[in-house]
Amino acid sequence: SHIMKPQVIFVLGGPGAGKGTQCSKIVEAFNYTHLSAGDLLRAERGREGSEFGQLIDNYIKEGKIVPVEITISLLRQTMTKDQTKNCFLIDGFPRNEDNLQGWNRHMEGKADVKFVLFFDCSNEVCIDRCLERGKSSGRTDDNRESLEKRIQTYLNSTRPIIEQYQKHGKVYTIDASRSVDEVRKHLKIYRPT
Ligand code: UP5
Ligand code: MG
């Protein structure tokens, strides 16, 4: 019999671009499993007995990218938990060269990356959305100081990763500055075949 490798879409874009919001909607409409690398790291930070809690806490506040071995182990644990799940939206990863190399080391040949879904949004809109959310989110990085660092990390480290995929014609760009509903409507064209 023929077992298909896990199919993966990487979802990238600036902080607050709407990756998480839209991934939840794609999951509702299609048979995808949403894995937010940031959510997995925040859960690990809060897990009693985690040896990485303090490190993750510091990295998130500073808007820095956690060493890939930690992130990849959380992603892999979740991806292999339910063998009936075969299509994954991996949200907020890979964010830099270390992430990409770690993914290739562990996953090359074991999963197919179909394309990158890129949520394109100005820094101003990104910052405004996160500051607005910060009024109630409790996220330690939804403040102006952390946001400036998150934006810098995004521009310096994550954009080059998106550009690498762009060179191979593997990026679908979405104008993420529009309303939630407008963005969702345009995402319908990405129905998996
Ligand atoms: N909102 C959403 N869409 C909107 C729209 N179209 N119009 C108006 N408002 C909209 O949305 C953000 C806010 O905007 C919400 O209030 C929403 O209602 C509103 P959300 O969908 O949460 O956006 P998202 O792009 O998911 O923003 P998020 O803050 O999650 O993005 P980040 O990429 O910055 O955060 P993430 O959780 O991925 O990572 C956080 C940190 O973890 C990183 O900075 C890093 O330190 C660490 N990290 C790693 O080290 N490695 C990883 O692999 C991943 C994370
Ligand atoms: Mg998110």
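Student: How much space lies in the largest pocket?

Tutor: In this predicted model, about 930 Å³ of space lies there. Its lining is made up of 46 residues, and those nearest its centre are Pro 15, Gly 16, Lys 19, Arg 139 and Arg 150. Among the elements that give two or more residues to this lining are strand 1 (7–13), strand 2 (33–36), helix 7 (144–167) and helix 8 (180–187).

Student: What makes a residue part of the lining?

Tutor: A lining residue has an atom within 4 Å of a grid point of the pocket. Helix 2 gives the most to the lining of the largest pocket, with 5 residues. By class, that lining has 17 nonpolar, 17 polar and 12 charged residues.

Student: Where does ligand 1 sit?

Tutor: Ligand 1 sits in the largest pocket.

Student: How many residues surround ligand 1, and which are the closest?

Tutor: There are 30 residues around ligand 1, with Thr 21, Lys 64, Val 66, Arg 133 and Arg 178 as the closest. This shell divides into 10 nonpolar, 10 polar and 10 charged residues.

Student: Why is the approach of Arg 133 to ligand 1 called a polar contact?

Tutor: A polar side-chain atom of Arg 133 lies 2.6 Å from an oxygen atom of ligand 1. The cut-off for a pair of N or O atoms is 3.5 Å, and 2.6 Å is within it, so this pair counts as a polar contact.

Student: Which helix gives the most to the shell around ligand 1?

Tutor: Helix 2 does, with 4 residues.

Student: How much space lies in the second largest pocket, and which residues line it?

Tutor: About 250 Å³ of space lies in the second largest pocket. Its lining includes Ile 3, Met 4, Arg 76 and Phe 88. Helix 4 (residues 68–81) provides the largest share, 3 residues. By class, the lining divides into 6 nonpolar, 3 polar and 3 charged residues.

Student: What joins Phe 93 and Pro 94?

Tutor: A cis peptide bond joins them, with omega about 0 degrees. Most peptide bonds are trans. Pro 94 is in the loop between strand 3 (87–91) and helix 5 (97–107).

Conventions:
Residues are numbered from 1 along each chain as its sequence is written. Chains are lettered from A and ligands numbered from 1 in the order in which they are written. This is a predicted model: local features need pLDDT of at least 70, side-chain atom pairs count only at pLDDT 80 or more; totals for chains, interfaces and linings use all residues. Side-chain values use heavy atoms; hydrogens and water are left out. A residue is near a molecule or strand if one of its heavy atoms lies within 4 Å of it. A polar contact is a pair of N or O atoms within 3.5 Å; within protein, one must be able to donate a hydrogen and the other to accept it, and residues adjacent in sequence count only if both atoms are side-chain atoms. On a 1 Å grid over the protein atoms alone, a cavity is a set of points where a 1.4 Å probe fits but cannot get out, and a pocket is an open set with protein on both sides within 12 Å along at least five of seven lines; lining residues have an atom within 4 Å of a point. A molecule sits in a cavity or pocket if more than half of its atoms lie within 2 Å of its grid points. Ala, Val, Leu, Ile, Met, Phe, Trp, Tyr, Cys and Pro count as nonpolar, Asp, Glu, Lys and Arg as charged, and the others, Gly among them, as polar. Grid points are joined across faces, edges and corners, and a volume is the space filled by probe spheres set on the points.
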